[in-house]
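Here are my notes on the two-chain model. Please read them with the structure open.

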Amino acid sequence: MISFREVSKRFGTRTVLDRVTFDVPRGAISFVIGASGAGKSVLIKHVTGFVRPDAGEIWLDDLEVSRLGERELASVRKRCALVFQHATLFDSQSCLENVALPLEKHGRGRTGAEIRARARALLARVHMEPFADRYPSELGEGMKKRVAIARALALDPEYVLFDEPTTGLDPVNARRVDRLIQTLSREGGVTSLVVSHDLTSIFGIADRIVMLYKGRVRLIGTPDDFRQSDDPVVRQFVRGEAEGPMDA
Amino acid sequence: MSDAESGARDEARSASEAPLRLAGRLALLLAAIGRAVAEGELDRRMFVKSLYETGVRSLPIVVLTALFTGGIMVVQAAPIVERYGAHGLLGWGAGFGTLREIGPLLTALMISGRVGANNTAELGTMVVTEQLDALRALAIDPVGFLIAPRFLAIVTTLLLATLFADALALVGAAYVGAALLGVDPAVFYTGLTSGLLGFGDVAHGLVKSVVFGVVIALSSCHYGLATTGGAPGVGRSVNAAVVVSAAGVFLCDFFVSFLIA
């Protein structure tokens, strides 16, 4: 389980997170939603230690991540993969080499052939195996994102943090990513924490939703709780309305 | 790594950065590289790849520069040599200047422009596109995987390229001497080996080349890691790295010359 306890973060004079507290249950698909700039990406980057809280604690099972040093965080990052908003593939390496890299560096495979076979299997999982020898510059944004997901899954993480995984994808590829997240959770027992404002994804696959507004938790609940909420801020977001109480 | 990297990102912005603070940042980066190498985290495959990129691909420009440098030295010395009939000293004069000063200095400036700038641009682009964070997210230390291999490749390249450039510059000088002044290459060679020049002169230049390599590698990596602000930020970082590398090379040249002499 991932637990955020009273997490606060400021950048300069701007408070991005203000005493945020919630749990991400094991095996579930949890979404963090909110308007752009609500602090969603900053929040999930706390889990892998890319951002440190000014106050509060972040726990990964019985490990307080917020107290760990850079070297200790390496073991957390093997268990908890982060898929960035942009694909962040290594330009100088082919798709296969990108996916094989963590396998090589962490000794997941005895021989080069075994590592390449595992990397190809991971690419096949995201329907990118035919493009294994292509370089990132030869791929579209959606394809790159799928390779980045394959790479993140290379170390068999228990947790996967997705930062806007469907942003910039066409609807077909977006639903494929949704299905992949669902499969990881239902069949692999992976705990997913997804930052998104893709309403189709949110109401399609979420087990649990946390809404952030002005740095604070506005509502935690199931998709039905959100559909039925009377909170005008929640209603405006869920319905995607231009007019309402939310700040521009 | 994180101290050096995040510190660099926060504080290093331009060539006008306070010299003491910059020196501190470079020392932290050097310590991080040393630790990665000592702990066996150096990625050997990346080192070989970097060595190819920095070394093998720099050969044409080093060859061209070295041959003409030797020639230029003879062209400049020609009037004096002619006036005093000091043809026998041409080999010594060209060797002394090339081995101790011109060879390492010009090679360093060429490598700084070609390799250092490229290194900063590549690292800077990786930083602004979050590729370095992606490495850390995969529990891969960017210093062991990216920085240490590049650092060692640049230092090794500069050492070997200087040795190579010294030899080529002398060949160039010998042939221009023969063409311009009629000095037989055998006479030129005798001037080189008559005892006025020794291993100390070669070592003097090689020590400098290692120091220059460290300066260029550290500053190019530092400014690459310090990049912020997208494409314009990459441009600023490359500019700062080239300026600081060149200034650092001349500064170190003076102090190394002074200390060794």
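Which hand does the crossing of α4(B) and α7(B) have? It is right-handed; a crossing counts as right-handed if the near helix is turned clockwise from the far one by less than a right angle, and as left-handed if anticlockwise.

1. Basis. This is a predicted model, in which local features need pLDDT of at least 70 and side-chain atom pairs pLDDT 80 or more, while totals for chains, interfaces and linings use all residues. Residues are numbered from 1 along each chain as its sequence is written, and chains are lettered from A and ligands numbered from 1 in written order.

2. Helix packing. The axes of helix α4 (residues 59-84) of chain B and helix α7 (residues 142-181) of chain B come within 7 Å. They cross at roughly 40° (axes are lines fitted to C-alpha atoms, for helices over the stretch in contact; angles run from 0 to 180 degrees between N-to-C directions). The pair is therefore oblique (under 35 degrees is roughly parallel, over 145 roughly antiparallel, 65 to 115 roughly perpendicular, the rest oblique). Helices are DSSP runs of H or I, at least four residues; strands are runs of E, at least two; both are numbered from the N terminus.

3. Chain A strands. Strand β1 (residues 2-11) of chain A runs antiparallel to strand β4 (residues 55-60) of chain A, joined by five bridges (pairing needs at least two DSSP bridges). S3(A) has W59(A) as its bridge partner in β4(A). W59(A) is also bridged to E64(A) in β5(A).

4. Hairpin. β4(A) and strand β5 (residues 63-64) of chain A pair antiparallel over two bridges. Two residues separate them in a hairpin. In the turn, D61(A) has a positive phi of about 55°.
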